[in-house]
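Thanks for asking me to look over this one. Here are my notes, as numbered points to read alongside the coordinates.

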Amino acid sequence: MSKTILITGGAGFIGSHVVRLFVNKYSDYTIVNLDKLTYAGNLQNLKDIENAPNYHFEKGDIVDAGFLEGLFNKYNFDGVIHLAAESHVDRSITDPLAFVMTNVIGTVNLLMAAKKSWNGNYEGRRFYHVSTDEVYGELHDPKEFFVEDTSYDPRSPYSASKASSDHFVRAYNSTYGMPVVLSNCSNNYGPNHFPEKLIPLMINNIKNKKPLPVYGKGENIRDWLYVLDHARAIDMIYHNAEDGETYNIGGNNEWTNIDLVHLLCDVMDKKLGQEVGESRELITYVKDRAGHDLRYAIDATKLMNNLGWEPSVTFEEGLEKTVDWYLNNWEWIENITSGDYQKYYQEMYS
Ligand code: NAD
């Protein structure tokens, strides 16, 4: 059945992969990508589909309630897949209010616009909120994993803002009966990842033979998932989850930061035709992030059992694909690391 779906944040890292998947897979859907094009939004990410007949781009800010109301009137959306957010923990430590504005106020604005537009007629309609495992806090016991009913315990301004938006989405389900679904995913990696984040930052610095800043002793643990596997999970959950459900998404793929950086150095050395070990020499330990969560780890059993999802690539395969993509698209990273990025980088690491 044809549908008109609003995807917010579609010019960002994960959003661009979700937009591409939906535009290519569902030719009978109309996909509207709403994005403010902050420093993290980049229409180059969608160059290959920008002229697809079922794709429309709208530049706008989810903090602007009047703009959202007009957009809902224009398109009469059947569904919303909400990814727009301020997404970088370090930036949330220096500017928490920006995270409250977009992640909390922006999400509530979207819920209000959807409620007004749908006016109690929820047949065939759905609001999907894309969230993070960071809302659950940090784990210490290696045998423990986050499950869907793990208590919320956000510890950074970023995760506190995402936790708040998750609660608002669930409140719209309980209070107004709006059909919602949510997912909480572990760390993503892959093509088009902005180079403030660990993996592309390291790829960029290894290529440029710059120091590789590792927080603290590099002992923090993250569970990494290839971004296309996240996009596939979002497709399955959007179409097949029951109303009101939450799904955890993760790759069962835990790495300490330092082991990950070592692996990446070795992959890059091979790709660059250097002696393996050369890039590891660039590793520099820097002052730890304030309140740095020790470990995140997702149990994705519910998603696997209920919807038949599983990751399509191993971490080694995904990492190699990622490195190949960056090396083959070097102008993408060069374009976004000139200008403001340099200022941000100096402030963070000098
Ligand atoms: P990103 O920072 O790469 O992209 C965010 C996008 O949102 C950008 O295109 C930006 O321009 C847009 N945006 C920001 N503020 C906006 C506003 N006020 N109005 C409209 N658009 C705005 O983020 P990402 O890594 O792709 O993450 C997407 C979503 O997935 C976020 O909600 C994030 O919390 C969640 N998530 C991310 C990860 C991860 O590892 N990256 C993991 C789990 C969940």
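**Notes on the ligand site, strands and rings**

1. Let me start with Asn-184, which is buried at a relative accessible area of 0%; buried means under 20% relative accessible area, exposed over 50% and partly exposed in between, with a 1.4 Å probe and protein chains only. Asn-184 sits in strand E6, and its side chain makes a polar contact with the side chain of Ser-131 at 3.5 Å. A polar contact here is a pair of N or O atoms within 3.5 Å; within protein, one must be able to donate a hydrogen and the other to accept it, and residues adjacent in sequence count only if both atoms are side-chain atoms. Helices (H or I, at least four residues) and strands (E, at least two) are DSSP runs numbered from the N terminus.

2. A word on the basis of these notes: this is a predicted model, in which local features need pLDDT of at least 70 and side-chain atom pairs count only at pLDDT 80 or more, while totals for chains, interfaces and linings use all residues. Residues are numbered from 1 along each chain as its sequence is written, and side-chain values use heavy atoms, with hydrogens and water left out.

3. Now to the ligand. It is surrounded by 28 residues, and the closest are Ile-14, Asp-35, Ser-87, Tyr-158 and Lys-162; a residue is counted as near if one of its heavy atoms lies within 4 Å. The shell around the ligand divides into 12 nonpolar, 12 polar and 4 charged residues.

4. Which elements supply at least two residues each of the shell around the ligand? They are helix H1 (13-25), strand E5 (126-132), helix H5 (157-176) and strand E7 (187-189). E5 gives the most, with 3 residues.

5. A polar backbone atom of Ile-14 is 2.8 Å from an oxygen atom of the ligand, and a backbone N or O atom of Leu-37 lies 3.4 Å from a ligand oxygen. On the nitrogen side, a polar side-chain atom of Asp-61 lies 2.8 Å from a nitrogen atom of the ligand. The protein covers 97% of the 840 Å² of accessible area that the ligand has on its own, with areas taken from the Shrake-Rupley method and a 1.4 Å probe.

6. Back to the strands: E6 (residues 180-185) pairs with E10 in the parallel sense over 4 bridges, where pairing requires at least two DSSP bridges. Cys-185 stands opposite Ile-249 in E10. Along E10 (residues 246-249), Thr-246 and Asn-248 point one way, Tyr-247 and Ile-249 the other, and all are buried.

7. The structure holds 23 aromatic pairs. Rings of Phe, Tyr and Trp (its six-membered ring) pair if their centres lie within 6.5 Å, and planes under 30 degrees apart count as stacked, over 60 as edge-to-face and the rest as tilted. Tyr-26 and Tyr-29 are stacked because their ring centres are 4.5 Å apart and their planes are at 10°; Tyr-26 and Tyr-29 are both buried. Phe-146 and Tyr-296 form a tilted pair, with centres 6.4 Å apart and planes at 40°. Phe-146 lies in the loop between E5 and H5 and Tyr-296 in the loop between strand E12 (283-286) and helix H9 (301-307), so this pair ties together parts 150 residues apart in sequence. Ring pairs also link Tyr-39, Phe-194, Tyr-341, Tyr-344, Tyr-345 and Tyr-349 into a cluster.

8. Finally, two backbone angles to check. Most residues other than glycine have a negative phi. Asn-119, in the loop between helix H4 (96-118) and E5, has a positive phi near 50°. Asn-192, in the loop between E7 and helix H6 (198-207), has a positive phi of about 70°. Are these two asparagines buried or exposed? Asn-119 is exposed, at a relative accessible area of 67%, whereas Asn-192 counts as buried at 7%.

Key. Nonpolar A, V, L, I, M, F, W, Y, C, P; charged D, E, K, R; others polar.
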